[in-house]
Amino acid sequence: MIKKDKLLAILAVGVQYIGMLVLFKLLASKLDNTTFAEYMLFIAAANLLLGLPFTAVQQSIIRFAPGMGKEHSQQVMAIAVSQAIIAVLFIMLLISLLQFIPSLASLMHSYHAMAALAFTSSEAIKLYVLAYENALQNRKSYLCLTFFEYASKVSLTAILLLFNFANLLHLVFILITCNVLVILYSVKIGGFEWRINGILSQLRTKLSLQILLFSLPVACWSIFGWLRDMSGRYIIEALLTKQDVAAFSVLATLTSLIPGFVNSVVGNYYVPIVYANHNSGKRAVEKSINTIVLAMLIFSALAIFIIVFMSDFFVATASSAKYEFVAQYLPYTLAAYFSFCIAMIATTELYAKGAVNCLFLPNVISGILGSFAFYFFISKYGFNGAIGGYVVSYISYALSVFLLLFYTRLSK
């Protein structure tokens with residue numbers, strides 16, 4: 001018999017990934033290759049902004065909110081939001097200053113820098129809300145917010161596509177609107193009380209400094225994480241065509257679905273429990289991580305075996321028949337991405353111990369090596385080379401993390 005909270009956690013991830021898949025299917029099948037490629041490049045540009053300050057602070061919510069009482073958790077969330085507000089203001093100022101440099105102004109205009117910042121800001125606060133509810137194991141609230149998010153995204157996007165109004169900025173406006181609606185909905189059902197004065201006052205606390213020191217290394221290495229995850233799209237655009245960008249984006253998105261689903265179930269349900277047990281001293285974090293990693297390895301081997309025989313059907317069903325040729329690459333990219341996801345969960349051990357600085361090296365290695373591999377292999381082998389760059393990016397991260405964990409446990 002599955003416990004109620006576990007069932008709610010699995011349902012929430014199921015709703016999230018079904019919603020993501022339906023939205024992706026709509027965009028991949030209904031948009032022309034060029035518009036779809038522009039959309040995926042925009043998301044990549046927005047992810048650069050999202051990764052620098054915002055994702056780092058999101059990690060602090062996941063790390064510090066569980067197991068310490070509601071008042072402490074509220075304080076952690078308030079500090080995260082206040083730091084996000086400051087980051088948005090700083091990025092706005094930076095974009096305004098860079099407009100005076102013609103070459104950079106042209107680049108920012110091409111990738112819609114201000115629209116990307118607006119999307120990123122709304123996305124960050126929405127992710128904080130979800131991270132907070134998840135960290136406190138408010139499973140029902142998390143499920144309701146997730147369902148509301150994807151129901152609104154899919155329905156509004158479908159209306160846009162139905163009436164042929166779907167250009168890049170219209171799609172971005174839909175995403176921003178849905179993020180804002182989720183944030184407003186969280187006021188009604190969520191556990192966090194939105195008090196602006198209380199939020200801003202938290203910047204002067206000792207906990208704010210602790211969270212800042214925790215977040216800074218994560219923010220510093222996020223640029224290398226972006227190089228690993230997103231730079232390939234721009235290298236493909238520079239060396240090949242927008243059609244190749246679209247095809248690669250489809251492959252990368254479909255590759256991430258199954259491992260991402262598993263990662264989300266583990267991250268949403270088990271990781272908060274691991275942190276809560278560690279914070280309260282109930283169970284050593286190493287034991288929890290060993291069990292989770294072993295289970296994920298077994299599942300990944302089974303999933304890769306199945307996808308070898310079903311890749312054509314999976315690609316055609318989840319995206320569009322026009323991208324079916326990427327199915328031949330799916331087992332290789334799936335193996336690489338599974339290794340990355342398992343390594344990501346394994347890093348929970350280092351987060352729990354406050355050894356965040358150690359993770360700088362795996363991100364630097366995978367970011368630099370991955371982007372170099374993309375450029376080198378694409379230059380020599382075209383689209384096939386993009387697959388080689390993808391595999392190198394994620395395998396290098398996984399190997400670096402597990403070598404690091406082995407070293408840190410050995411040196412205890």
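User: By about how much of a helix are Phe372 and Phe376 separated in helix H15?

Analyst: This is a predicted model, in which local features need pLDDT of at least 70 and side-chain atom pairs count only at pLDDT 80 or more, while totals for chains, interfaces and linings use all residues. Residues are numbered from 1 along each chain as its sequence is written, and side-chain values use heavy atoms, with hydrogens and water left out. Helices (H or I, at least four residues) are DSSP runs numbered from the N terminus. Phe372 and Phe376 lie four residues apart in helix H15 (residues 360–381), so their separation is about one helical turn.

User: Is the ring pair of Phe372 and Phe376 stacked or edge-to-face?

Analyst: A pair of aromatic rings is described by the distance of the centres and the angle of the planes. Rings of Phe, Tyr and Trp (its six-membered ring) pair if their centres lie within 6.5 Å, and planes under 30 degrees apart count as stacked, over 60 as edge-to-face and the rest as tilted. The ring centres of Phe372 and Phe376 are 6.2 Å apart and their planes stand at 10 degrees, so this pair is stacked.

User: Is Phe372 buried or exposed?

Analyst: Buried means under 20% relative accessible area, exposed over 50%, and partly exposed in between (1.4 Å probe, protein chains only). Phe376, at 39% relative accessibility, counts as partly exposed. Phe372 has 54% relative accessibility and therefore counts as exposed.

User: How many aromatic pairs does the structure hold, and is the pair of Tyr337 and Tyr394 stacked or edge-to-face?

Analyst: The structure holds 19 aromatic pairs. For Tyr337 and Tyr394 the ring centres are 5.2 Å apart and the planes are at 75 degrees, so the pair is edge-to-face.

User: How many residues apart are Tyr337 and Tyr394, and which helices hold them?

Analyst: Both Tyr337 and Tyr394 are buried. Their pair links distant parts of the chain, 57 residues apart, with Tyr337 in helix H13 (residues 330–346) and Tyr394 in helix H16 (residues 383–410).

User: Which residues form one aromatic cluster with Tyr337 and Tyr394, and which ring has the charged end of Arg228 over it?

Analyst: One aromatic cluster is formed by Tyr337 and Tyr394 together with Phe248, Phe340, Phe374, Tyr390 and Tyr397. A charge sits over a ring if NZ of Lys or CZ of Arg is within 6 Å of the ring centre and within 35 degrees of the ring normal. The charged end of Lys153 sits in this way over the ring of Tyr150, 5.2 Å from its centre. The charged end of Arg228 lies 4.8 Å from the centre of the ring it sits over, which is that of Tyr397.

User: How far apart in space are Ser396 and Phe340, C-alpha to C-alpha?

Analyst: Ser396 is found in helix H16, and its relative accessibility of 8% counts as buried. In sequence, Ser396 and Phe340 are 56 residues apart, whereas C-alpha to C-alpha their separation in space is 8.7 Å.

User: How far apart are the C-alpha atoms of Pro272 and Gln137?

Analyst: Pro272 is found in helix H11 (residues 242–280), where a relative accessible area of 1% makes Pro272 buried. Along the chain Pro272 and Gln137 are 135 residues apart, while the distance between their C-alpha atoms is 7.3 Å.

Definitions and conventions. Helix = DSSP H or I, 4+ residues; strand = E, 2+ residues; numbered from the N terminus.
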